[in-house]
Amino acid sequence: HLHLIRLFLLPGDVSQDAEGPQALCDLCLAQVCRSLDSLCSRRADGSMSLIWAPLLPQETADQLLHKMATTGILNDTTVGIFRNCKELRLRRASIRCCPVSAEGFCLALCPHRLQELDASWVPEGLTGADIVSGLASNLECRSSLQRLSLNGLRLDWESLEEDVVGFSSLQGLRTLNLANTDLTDAVLEDICTLPQLETLDISCSAVSKLTALLECKNTLKSLIAHRLRQLDMSPARLLFVLSQLHALRHLDFSDDHFSVDDSDGRDGDETVRQLLEGSPQVLPSLVSLDISGRKRITEAAVRVFVEARSSFVFLGLLATGVSSCEVLSSRENLKVTGEANEKQVCEALRRYRDRECFTREALIHLYNLTTDIDKPRPDMLKLVLGGMQSHPTSLHVHLVATACAFNLTTQDLAEAMPVSLLTSTVTQLLFAMKTFPSHQQVQKNCLLALCSDYILQDVPFDKYLAATLVINWLSSHEDPTLQRMAVAVISILVAKLSTEETAQLSKDVFIMKQLLAIVQQKAMVGVVDSTLKFALSALWNLTDEMPAAARNFIECQGLELYEEVLESYYTEPSIQQKILGLLNNLAEVEELQADLLEEDLLEHILSLLQDSQVEVGVRYFAGGILAHLTSRPEAWTLDEELRSTILHQLHTSIMTWTQLEREMVSYRSFRPFCPLLQTCQPSGVQLWAVWAIHLVCSQNTSHYSSMLEKESVTELLKALAAHPDTHGDIKGLSENILRMVEQHQSHSGAFDNQTGPRNS
């Protein structure tokens with residue numbers, strides 16, 4: 001695997017266009033992540049160390065760490081490879097959301113001359129105090145570190161000993177994110193002594209006073225103070241402090257408008273009102289202001305503020321009720337978050353991806369905008385997907401986001417979307433189904449989005465997971481419309497599963513019972529609809545070359561039900577064909593053939609075979625059942641005269657069948673045909689088998705030619721064609737099949753192993 005490390009020495013940007021191929025560098029990094037076990041040895045403490053590593057370009061080392069983090073493999077064990085500071089030199093490190101302990105962090109990352117570190121939302125007990133003391137232990141880091149994000153961490157500042165340095169020891173810091181932490185006024189005072197501090201995020205922290213900001217009034221360019229619920233300052237004092245921040249260009253003083261207590265942010269609201277209505281000489285450098293979620297703001301105040309500041313580039317007004325102010329649309333260079341139009345809503349989703357309250361609000365407005373959308377909008381779908389990914393456990397976000405996803409992928413809209421975007425979207429929808437199993441509307445939204453032929457047939461995603469989730473949902477819902485969609489989705493998904501996945505799914509008796517219950521429910525009232533057809537198709541595919549599933553079917557009284565349906569739907573060839581197709585699957589399993597040896601059943605199937613008024617598709621599957629059951633004389637327990645009649649009628653009837661134009665059936669393999677193609681078999685049995693093979697080969701030569709060769713069926717056909725006792729009809733069809741295979745081989749020069757469609 002050493003060539004993989006050499007590969008990712010190639011320069012390349014890991015970013016990519018949604019519709020283009022992945023960058024080579026990104027592919028190589030992904031391969032290294034997958035192969036990490038074989039590329040590494042273990043130290044005594046269990047951590048990994050690369051057996052051999054080249055001197056990587058510094059950017060590549062950063063990219064490898066980021067790739068390990070985003071693929072979910074970065075932890076105390078794997079982060080050990082970065083203890084090698086000579087070959088793997090980190091500058092911009094991210095361990096966001098990765099389970100790295102204080103010890104693992106100090107050993108692997110602190111020795112590097114870091115410029116940036118994102119340790120947001122790290123579990124496993126790593127605290128802000130651990131990180132700052134670890135970084136400060138590296139004298140180079142004290143001056144080199146410029147950006148630090150500890151969003152969502154517990155600072156645990158009290159655990160530090162008195163002589164241990166604080167944030168102020170990291171003299172090079174320019175950007176510091178302490179949102180969602182237990183930041184206190186005392187720690188803020190220490191932070192504000194940093195000589196180069198330009199950007200500070202103290203959102204959702206425990207800060208009660210902002211007076212300390214006066215210490216950095218000449219350097220601070222961006223202050224993000226969203227939802228400071230413990231802030232205890234009068235509007236006048238707060239406005240005074242803010243007005244002294246002479247270098248401030250961006251101020252975020254937004255609030256959570258979904259807050260239960262309406263009085264919580266009253267002082268903050270008053271501060272915002274005074275700021276809007278005050279002189280432009282207050283905060284003269286300000287070009288960006290976010291007051292989304294603030295109450296008691298008037299359009300008049302917004303108009304005065306905007307007109308007095310011609311250089312303004314951004315104004316956050318989501319959930320304020322004033323984003324439709326006319327002055328906003330007259331400023332071309334001014335970006336606004338709000339709900340007045342599509343542009344404002346999309347801007348809100350872009351800017352507030354990490355804020356649940358605003359993401360939820362913006363999605364509500366996006367849903368209204370997309371209800372009757374008729375043009376593909378991949379840009380909107382990306383924003384919806386981003387919201388779901390950023391808030392994976394938020395029911396509020398997923399409730400609206402899944403509805404938006406349906407709106408944006410319904411009808412033909414999905415076909416114009418990048419496939420990779422659809423794959424990510426469906427994956428997130430499945431995650432939502434799994435995360436909120438009892439929430440009916442979320443499940444319904446996801447099901448509606450999944451119920452798309454294009455998505456189910458052409459978009460790659462975990463179809464096994466999707467099938468199990470939809471089946472579980474089906475068990476507790478009886479709404480006819482949703483039931484129809486669920487069964488349709490299951491039917492298509494089952495047909496797309498690999499042999500191994502189908503085998504796994506078909507072991508579940510619960511699934512069999514669910515589908516049989518739907519068949520029984522429909523059959524009791526004699527209805528013919530798509531729900532019944534999809535259920536029959538799903539059962540047919542579940543039992544295809546799956547003996548365990550076939551056995552479950554019989555044990556669940558499926559055979560008795562199917563016998564009744566076969567007789568009661570005698571005028572419905574589409575239903576009969578699916579019934580007989582499944583019985584054909586049962587007849588292929590030797591140990592289950594005895595269950596089918598019922599005289600009334602076989603005589604009914606024989607009547608279908610003989611009836612020239614019955615469609616060839618129905619007669620074909622009737623013939624298959626009879627061919628398999630009569631192919632083993634030693635297992636035949638009924639009257640011999642019936643067997644002789646069946647064998648005679650098989651040959652006679654098959655010779656009257658016309659070639660079918662449309663594809664009626666497909667096969668996983670020809671293995672079930674091998675016993676029927678033996679030279680010792682009666683001609684009726686042989687004829688059905690060669691006619692079936694000839695049918696599918698003539699319709700999809702490229703797919704089935706390689707299957708015939710791979711499974712040695714061509715040898716059986718050659719033996720049949722050469723045997724002196726083989727009937728002329730069988731010889732002719734066998735030779736035709738062999739000719740098709742030969743022509744395909746000479747034409748293509750290679751076998752095509754593409755996967756064909758399954759039974760529908």
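This is a predicted model: local features need pLDDT of at least 70, side-chain atom pairs count only at pLDDT 80 or more; totals for chains, interfaces and linings use all residues.
## Helices H20 and H23

Helix H20 (residues 463-474) packs against helix H23 (residues 509-524) at an angle of about 55°, and their axes sit 10 Å apart. That angle makes H20 oblique to H23. As for handedness, H20 and H23 cross in a left-handed way.

Who touches whom here? On the H20 side you'll find Ile471, Asn472 and Leu474, and they meet Phe510, Ile511, Gln514 and Ile518 of H23. Sorted by class, this contact of H20 with H23 has five nonpolar residues, two polar ones and no charged ones.

## Helices H15 and H16

Next up is a pair with another geometry to look at. Helix H15 (residues 378-390) and helix H16 (residues 395-409) have axes that come within 10 Å and cross at roughly 155°. Angles over 145 degrees count as roughly antiparallel, so H15 is roughly antiparallel to H16. The crossing of H15 and H16 is left-handed.

H15 brings Met380, Leu381, Val384, Gly387 and Met388 to the contact, while H16 supplies Val397, His398, Ala401, Thr402, Cys404, Ala405, Leu408 and Thr409. The class count for H15 with H16 is nine nonpolar, four polar and no charged residues.

Helix H32 (residues 683-699) is where glutamine 686 is found. Is this glutamine buried or exposed? Glutamine 686 has a relative accessible area of 3%, and buried means under 20%, so glutamine 686 is buried. Leaving aside residues up to four places away in sequence, glutamine 686 touches Leu676, Gln678, Thr679, Cys680, Gln681, Leu720 and Ile730.

H32 also packs with helix H33 (residues 701-710): the two axes come within 6 Å and cross at roughly 130°. H32 and H33 are therefore oblique to each other. From H32, the contact uses Ile693, Val696, Cys697, Ser698 and Gln699, and from H33 it uses Thr701, Tyr704 and Leu708. Those residues of H32 and H33 split into five nonpolar, three polar and no charged.

## Alanine 622 in H30

Helix H30 (residues 616-630) holds alanine 622. With 0% relative accessibility, alanine 622 counts as buried. Its contacts, not counting residues up to four places away in sequence, are Leu580, Ile605, Leu608 and Leu609.

How far is alanine 622 from alanine 301, going by their C-alpha atoms? The separation between these two alanines is 80 Å, and they are 321 residues apart along the chain.

## The whole chain

Now zoom out. The protein chain has 35 helices and 12 strands. Its C-alpha atoms fill a box of roughly 105 × 60 × 45 Å, taken along the principal axes. The radius of gyration is 35 Å, whereas a compact globule of 760 residues would have one near 27 Å.

What share of the 760 residues counts as buried? The figure is 55% for the protein chain. As for sequence separation, take the contacts between residues at least 6 apart in sequence: 69% of them join residues at least 24 apart.

Key. Residues are numbered from 1 along each chain as its sequence is written. Side-chain values use heavy atoms; hydrogens and water are left out. Axes are lines fitted to C-alpha atoms, for helices over the stretch in contact, and angles run from 0 to 180 degrees between N-to-C directions. Helices (H or I, at least four residues) and strands (E, at least two) are DSSP runs, numbered from the N terminus. Angles under 35 degrees count as roughly parallel, over 145 as roughly antiparallel, 65 to 115 as roughly perpendicular and the rest as oblique. A crossing is left-handed if the near helix is turned anticlockwise from the far one by less than a right angle, and right-handed if clockwise. Contact means heavy atoms within 4.5 Å. Ala, Val, Leu, Ile, Met, Phe, Trp, Tyr, Cys and Pro count as nonpolar, Asp, Glu, Lys and Arg as charged, and the others, Gly among them, as polar. The radius of gyration is taken over C-alpha atoms; the globule rule is 2.2 Å times the number of residues to the power 0.38. Buried means under 20% relative accessible area, exposed over 50%, partly exposed in between (1.4 Å probe, protein chains only).
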